[in-house]
Amino acid sequence: MEIPITRTSLPKQKYTDESKLGFGVVFTDHMFIANHDEERGWHDARIVPYRPLEIDPASPVLHYSIEIFEGLKAYLYEDGEVGLFRPEQNAARMNRSAYRMCLPPIDEQLQLDAIETLVDLERDWVPRAPGTALYLRPTMIGDGCRLGVHSAQKHIYFIICSPSGAFYPNGIKPVRIHIEDAYVRAVRGGTGNAKTGGNYASSLLAAVMAQEKGFDQVLWLDGRENRYIEEVGAMNTMFVIDGVLTTPAINGSILEGITRMSVLELAGEFGIPVCERAIPVDELFEAYEADALTEAFGTGTAAVISPIGELEYKGKSICLGAEIGPVAKRMYDTLTGIQTGRLADARGWTKIVPRKHG
Ligand code: PLP
Ligand code: COI
């Protein structure tokens, strides 16, 4: 699909020191936007200069968090090409989230065309320093002018781009995680498996409290029994127990991570045994005491592979050391190798962005 482009007349100054990019603080010159209403469906797909949105103060997104989003990255290859990692998975998940939040599905090919055209236009913004990428944030919000609690009358889908470095300020250094025993993030039957803003809003207080105690993030337990490991705020969790790569099963309350899925597929190829199941928090401590728990790490687009150095729960700690473990390291090297084009992609995971506008 041909997407009309209005180029900015005021290009922004680009950062000079990529090592100081941080995550999600710098934004590029342009954004993609499309509108939806009942009569016209999705229409007016276009790329325009990055600018504030104008929405009605009565919009459902502002009152009831009627919104969903995605996160994916564009990487600069050594030969100058720019590649995306499994973008069709993000487009599919966007529509699964849309279903859960009563938002209208958006054609997956349109999503992919929008991502490719925008990244092509912004290719000079893709950072080159190791560990950096152009983070893309497709988002859909409920717009309109009604305060009743029902699905929105109008919708906006947009994509913004942010050249970004490591999600955790310490890069690939192991993170310290607090296992939360009072607050919960999601319950079975709730919205935990949708990528919707409310999940993140409701997780903030516990995260702030954990950060005040020196932890980087919170690991959530299930909302029904407060007993089973779920996920961290922005990543799925994996544990190596007795040599088995063990991770919480997809149960409706955790996000179906694309990095999670990719790591499990790689483990299968590497001959690493994999088990997706419910993991009681007590079992982690028992395994640790029996020297059977050798690694813990998180997986996510922003977080990549993030080794967990410490897990604290009710005053007890699991300490896994200050170095990344061998399974996490192999996954990190393989995944980032494929994502940045350094390793051959035999799986068809990467998509080179065609050059048309950039
Ligand atoms: N879990 C949550 C709550 C997330 O926000 C994310 C990030 O997107 C993930 C897991 C990891 O998902 P993915 O690997 O698709 O980025
Ligand atoms: C991502 O990894 O893309 C995320 O969405 C994490 C984000 C919540 C910061």
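Q: What relative accessible area does Arg 96 have?
A: The relative accessible area of Arg 96 is 41%, so the residue counts as partly exposed. Buried means under 20% relative accessible area, exposed means over 50%, and partly exposed lies in between, with a 1.4 Å probe and protein chains only.

Q: Before we go on, what kind of model is this?
A: This is a predicted model, in which local features need pLDDT of at least 70 and side-chain atom pairs count only at pLDDT 80 or more, while totals for chains, interfaces and linings use all residues. Residues are numbered from 1 along each chain as its sequence is written, chains are lettered from A and ligands numbered from 1 in the order in which they are written, and side-chain values use heavy atoms, with hydrogens and water left out.

Q: Back to Arg 96, then. Which residue does it form a salt bridge with?
A: Its partner is Glu 256, and the closest N and O atoms of the two are 3.8 Å apart. A salt bridge here is a side-chain nitrogen of Lys or Arg within 4 Å of a carboxyl oxygen of Asp or Glu. Glu 256 is partly exposed, at a relative accessible area of 32%.

Q: Why can side chains pair like that?
A: Side chains of opposite charge can pair when their charged atoms come close.

Q: How many salt bridges are there by this rule?
A: The count comes to 15 salt bridges. One of them joins Lys 20 to Asp 17, with the closest N and O atoms 2.9 Å apart. Lys 20 is exposed, with a relative accessible area of 67%, whereas Asp 17 is partly exposed at 34%.

Q: And what is the N to O distance for Asp 333 and Lys 329?
A: The side chains of Asp 333 and Lys 329 meet in a salt bridge at 2.7 Å, N to O. The two residues are four apart in helix α8 (residues 326–339), which means that about one helical turn separates them. Helices (H or I, at least four residues) and strands (E, at least two) are DSSP runs, numbered from the N terminus. Asp 333 is partly exposed at 32%, and Lys 329 counts as partly exposed at 37%.

Q: New topic: what domains is the protein divided into?
A: The protein is divided into domain 1 (18–166) and domain 2 (175–339), with bounds that come from an automatic or database domain assignment. The centres of the two domains, taken over C-alpha atoms, are separated by 26 Å. Their contact, meaning heavy atoms within 4.5 Å, takes 21 residues from domain 1 and 22 residues from domain 2.

Q: How much area do they bury between them?
A: Domain 1 and domain 2 bury about 1900 Å², and 56% of that is on carbon and sulfur atoms. Buried area is the accessible area (1.4 Å probe) that two parts lose on being put together, summed over both. The salt-bridge rule also finds two salt bridges across this interface.

Q: What about aromatic rings, how many pairs does the structure hold?
A: The structure holds eight aromatic pairs. In the pair of Phe 32 and Tyr 157, the ring centres are 6.0 Å apart and the planes are at 75°, so the pair is edge-to-face. Rings of Phe, Tyr and Trp (its six-membered ring) pair if their centres lie within 6.5 Å; planes under 30 degrees apart count as stacked, over 60 as edge-to-face and the rest as tilted.

Q: Where do Phe 32 and Tyr 157 lie?
A: Phe 32 lies in strand β1 (residues 30–37) and Tyr 157 in strand β7, so the pair ties together parts that are 125 residues apart in sequence. Both residues are buried. Ring pairs link Phe 32 and Tyr 157 with Trp 42 into a cluster.

Q: What else is in strand β7?
A: Phe 158 is found there, in residues 154–164. Phe 158 counts as buried at 11% relative accessibility. Apart from neighbours within four places in sequence, its contacts include Phe 32, Leu 53 and Arg 137. Phe 158 and Leu 53 are 105 residues apart in sequence and 9.7 Å apart in space, C-alpha to C-alpha.

Q: Last one: is Ser 262 buried or exposed?
A: Ser 262 is buried, with a relative accessible area of 0%. Ser 262 lies in helix α6 (residues 258–270). Not counting residues up to four places away in sequence, Ser 262 touches Phe 85, Arg 86, Leu 335 and Trp 349.
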